[in-house]
Amino acid sequence: MPKRAASGRTIALEEAIAAAGDERSATLGLPDEVELGEVSFTFMFDTGDGFSAQDITFAWEGVAWLTWTQDISEHEGGLSAGSSAPVHGWASWSNGSDLLLAYTWPDVGSDGWAHIPGGAPGEKGEHPEEVLSEPQAWVELARTIVSVLYGNEGPGRTGRAYP
């Protein structure tokens, strides 16, 4: 079991927050450069009640889609055995601009999808597959996914959850 700080979070997470200078920017396990295959890391997400550590794993083979699994991180404090509720899904940006997400959340009994205009990884004019070698692009994609799961609104975003 990892050592915990007074906050209940792991010492590793507290050190990552201190090194980043703020909670939002902290990550654990994010490689300096992302290559094809699987990438897993912990990032911080503002749940509306403060920042919470989230784990995400992406499987990407260099095409305009990938699969992902997301859950609350064991680095977070105050968790019980029932806190874990992994979500599985896929993301696609086949037109190079828009992001389409679909997910299944078995422990919550929900499935859903979202269409995010202009939500493909990277900035306009950049090729999303080239952008994905940059770690920050993965963090932003992870935040977009978790934002959809939390039901946050976004400009032009459409979608639906099916309980």
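Predicted model: local features only at pLDDT ≥ 70, side-chain atom pairs only at ≥ 80, totals over all residues.
**Salt bridges, aromatic pairs and strands**

Biologist: How many residues apart are Glu-76 and Arg-9?

Modeller: Helices (H or I, at least four residues) and strands (E, at least two) are DSSP runs, numbered from the N terminus. Glu-76 belongs to the loop between β4 and β5, whereas Arg-9 belongs to the segment before α1.

Biologist: Are Glu-76 and Arg-9 buried or exposed?

Modeller: Buried means under 20% relative accessible area, exposed means over 50%, and partly exposed lies in between (1.4 Å probe, protein chains only). Arg-9 has 9% relative accessibility. Both Glu-76 and Arg-9 are therefore classed by this rule as buried.

Biologist: Which residues are linked with Arg-9 in a network of salt bridges?

Modeller: Arg-9 also forms a salt bridge with Glu-23, whose closest N and O atoms are 2.5 Å apart. Glu-23 lies in the loop between α1 (11–20) and β1 (27–28), 14 residues from Arg-9. With a relative accessible area of 28%, Glu-23 is partly exposed. The residues networked with Arg-9 are Glu-23 and Glu-76.

Biologist: How many salt bridges does a search of the whole structure find?

Modeller: Besides the pairs described above, the side chains of Glu-140 and Arg-143 meet in a salt bridge (3.0 Å, N to O). Because they stand 3 residues apart in helix α3, Glu-140 and Arg-143 are separated by about one helical turn. Glu-140 is partly exposed at 33%, whereas Arg-143 is buried at 9%. The search of the whole structure gives a count of 3.

Biologist: Which residues is Thr-144 in contact with, leaving aside its neighbours within four places in sequence?

Modeller: Thr-144 lies in helix α3, which covers residues 135–149. Contact means heavy atoms within 4.5 Å. Leaving aside those neighbours, Thr-144 touches Leu-99, Ile-116 and Arg-157.

Biologist: How many aromatic pairs are there?

Modeller: Rings of Phe, Tyr and Trp (its six-membered ring) pair if their centres lie within 6.5 Å; planes under 30 degrees apart count as stacked, over 60 as edge-to-face and the rest as tilted. By this rule, the count is 5.

Biologist: Why is the pair of Phe-41 and Phe-58 called tilted, and how many residues apart in sequence are the parts that the pair ties together?

Modeller: The ring centres of Phe-41 and Phe-58 are 6.3 Å apart and their planes stand at 35 degrees, so the pair is tilted. Phe-41 is buried at 3% relative accessibility, and Phe-58 is buried at 0%. Because Phe-41 lies in strand β2 (residues 37–46) and Phe-58 in strand β3, the pair ties together parts whose separation in sequence is 17 residues.

Biologist: How far apart in sequence are the parts tied together by Phe-45 and Tyr-150?

Modeller: The rings of Phe-45 and Tyr-150 have centres 5.3 Å apart and planes at 35 degrees, so this pair is tilted. Phe-45 is buried at 6%, whereas Tyr-150 is partly exposed at 42%. As Phe-45 lies in strand β2 and Tyr-150 in the loop between α3 and β8 (158–162), the separation in sequence is 105 residues.

Biologist: How many bridges join strand β3 to strand β4?

Modeller: Two strands pair if DSSP finds at least two bridges between them. Strand β3 (residues 51–60) and strand β4 (residues 65–72) run antiparallel, and Gln-54 stands opposite Ile-72 in β4. The number of bridges joining β3 to β4 is 7.

Technical notes
Residues numbered from 1 in each chain as written. Heavy atoms only, no water. Salt bridge = Lys/Arg side-chain N within 4 Å of Asp/Glu carboxyl O.
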